[in-house]
Amino acid sequence: MALDACVVTVGAFDGVHRGHQELLRQTIAAARRCGVPAVVYTFDPPPKVYFGQAEPLISLREKLERIATFAPDHIVVAGFDQIYVRRSAADFLAELQRLQPREVIVGEDFRFGFCKGGTAQLLRQHFNTRVLPPVRCGNGEIVSSSRIRSLRRSGLAAAAAALENWRDS
């Protein structure tokens, strides 16, 4: 996919939890202010799932449905497989460049490229990049897919659902 301009957010978006929702809101608001398309770039399966470090929180279909509720203009789903995983940070930067982002918005834990070699600092060398701080729950803990998985494993489904913030969870 190639665009003349956009605002893009990149991430696994597994669960499309409250932290992801903030990335989506900020991306779409920035795109509307600039009058350019809002793009969500995500992966299937999520990298942690591919590497066997976690089980997916939701299916790809459900992830796309949840993202769509925020009304981005485009959703890019990169197939995260044995070929994709070998891509360098430079390969990923070149792919992002095809979207010609006016701004890239990511979470502070965002990494990309082979062996997670790319960081937000590297993104900043190539693009106008905004790094959002983590969203925290009432007790100050960071809202994350890992925390949601942990709560589910502990039998705390209601607490996990509160972090996801979806009525159908």
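The legends below describe close-up views of a predicted model. Local features are given where pLDDT is at least 70 and side-chain atom pairs where it is 80 or more, while totals for chains, interfaces and linings use all residues. Residues are numbered from 1 along each chain as its sequence is written, and side-chain values use heavy atoms, with hydrogens and water left out.

**View 1. The largest nonpolar core.** A nonpolar core is a set of buried Ala, Val, Leu, Ile, Met, Phe, Trp, Tyr and Cys residues joined through side-chain atoms within 4.5 Å, where buried means under 20% relative accessible area, exposed over 50% and partly exposed in between (1.4 Å probe, protein chains only). The largest one has 23 residues, and Val8, Val10, Tyr41, Phe43, Phe92, Leu96 and Leu123 have the most contacts inside it.

**View 2. The surroundings of Phe43.** Contact means heavy atoms within 4.5 Å. Leaving aside neighbours within four places in sequence, Phe43 is in contact with several residues, among them Val10, Lys63, Val77, Tyr84 and Phe92.

**View 3. The buried face of helix α7.** Helices (H or I, at least four residues) and strands (E, at least two) are DSSP runs, numbered from the N terminus. In α7, residues 157–164, the buried residues are Ala160, Leu163 and Glu164. Seen down the helix axis, these fall within an arc of 100° (taken from the directions from the axis to the C-beta atoms), so they line one face of α7. They pack against α1 (18–34), α3 (60–68) and α6 (145–153).

**View 4. Cysteines.** With a disulfide taken as a pair of cysteine sulfur atoms within 2.5 Å, the count comes to 0 disulfides. For Cys34, the nearest cysteine sulfur, that of Cys6, is 10 Å away.
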